[in-house]
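Subject: The structure, and what turned up in it

Hi,

Here is the structure I promised you. Have a look at it first, then read on with it open beside you.

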Amino acid sequence: MSRIGKLPITLPKGVDVSVNKNNITVKGPKGELKRTIDPEITVAVDNGVVTVSRPTEQKRHKALHGLYRSLLNNMVKGVSEGYKTEQELVGVGYRAQAKGQQLELTLGYSHNVIFELPSEIKVTTTAEKGQNPKIIMECSDNELLGLVAAKIRSLRKPEPYKGKGIKFADEVLRRKAGKAAGK
């Protein structure tokens with residue numbers, strides 16, 4: 001049995017899960033998420049507990065069992081609590097400004113980069129004196145939030161010598177010694 005897949009998902013107050021063949025809808029106070037799963041994996045909802053089961057012990061079924069259980073758990077957590085990610089802009093003159101669903105970034109290029117955000121994501125930016133500018137994003141969909149955060153980070157990845165670029169707030173960078181340290 002899959003260690004992750006066999007764990008039941010308990011539904012918090014205000015969260016409703018509906019299963020229609022292989023389409024699953026999770027509704028909660030933070031929004032609504034939908035996902036289509038493999039038709040061979042079965043999902044059952046009874047008394048506030050969601051269980052995922054597989055038909056056989058095949059390697060493919062074992063992999064899907066744990067995958068869909070984790071995805072469903074992320075959906076339940078997303079519509080009840082939501083997800084949040086913070087990114088820092090490290091570098092002289094690096095700035096971020098949120099204008100509705102657009103994020104205007106000054107990253108040392110000859111022009112400002114304007115990044116269009118999906119409507120599901122709420123973004124705020126902070127720029128305090130003595131601190132690096134921060135981008136704070138919130139969303140109920142963990143997958144979408146991670147994808148957008150990775151796209152923003154790819155605009156200017158942190159370099160290993162001075163650490164300049166866009167990094168996650170909790171990310172630890174591996175730093176390299178410069179040319180002068182070799183002597």
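Below are my notes on the strands, the helix and a handful of residues.

First, the ground rules: this is a predicted model, in which local features need pLDDT of at least 70 and side-chain atom pairs count only at pLDDT 80 or more, while totals for chains, interfaces and linings use all residues. Residues are numbered from 1 along each chain as its sequence is written, and side-chain values use heavy atoms, with hydrogens and water left out.

Helices (H or I, at least four residues) and strands (E, at least two) are DSSP runs, numbered from the N terminus. Two strands pair if DSSP finds at least two bridges between them.

Start with strand E2 (residues 16-20). Strand E3 (residues 23-28) runs antiparallel to E2, and 5 bridges join them. Along that pairing, Val17 sits opposite Val26 in E3. The two strands make a hairpin with 2 residues between them.

Look at Lys21, in the loop between E2 and E3. Its phi is positive, about 55 degrees, although Lys21 is not a glycine. Why is that worth a look? Most residues other than glycine have a negative phi. Lys21 counts as exposed because its relative accessible area is 80% (buried means under 20%, exposed over 50%, partly exposed in between, with a 1.4 Å probe and protein chains only).

Asp16, also in E2, is partly exposed at 47% relative accessibility. Leaving out residues up to four places away in sequence, Asp16 touches Thr25, Val26 and Lys27 (contact means heavy atoms within 4.5 Å). Asp16 and Pro29 are 13 residues apart in sequence, and their C-alpha atoms are 9.9 Å apart in space.

Next, E3 pairs with strand E4 (residues 31-36) in the antiparallel sense over 6 bridges. Asn23 is opposite Thr36 in E4, and a hairpin of 2 residues links E3 to E4.

There is another positive phi at Asn47, near 55 degrees, again in a residue other than glycine. You'll find Asn47 in the loop between strand E5 (42-46) and strand E6 (49-53). At 81% relative accessibility, Asn47 is exposed.

**The helix**

Helix H1 covers residues 59-80, which is 22 residues. From first C-alpha to last, H1 reaches 32 Å, close to the 32 Å expected at 1.5 Å a residue (the expected span is 1.5 Å times one less than the number of residues). A handy thing to remember when you look down a helix: an α-helix has 3.6 residues a turn, so residues three or four places apart point the same way.

Apart from neighbours within four places in sequence, His61 is in contact with Glu40, Ile41, Arg54, Pro55 and Thr56. Just after H1, Gly82 takes a positive phi of about 90 degrees.

Thr85 is in E7, opposite Met137 in E12. Thr85 is buried, with a relative accessible area of 15%. Its contacts, not counting residues up to four places away in sequence, are Ile135, Ile136, Met137, Leu145, Ala149 and Phe168.

Another open sheet has 3 strands in the order E8-E9-E10, also antiparallel. Its edge strands are E8 (95-99) and E10 (113-116), each pairing on one side only. Here the twist averages 20 degrees from one strand to the next. E8 and strand E9 (residues 102-106) pair over 5 bridges, and Gln97 stands opposite Glu104 in E9.

**One last contact**

Arg156 lies over the face of Tyr109, 4.3 Å from the ring centre (a charge sits over a ring if NZ of Lys or CZ of Arg is within 6 Å of the ring centre and within 35 degrees of the ring normal).

Cheers

Methods: Axes fitted to C-alpha atoms, helices over the stretch in contact; angles between N-to-C directions.
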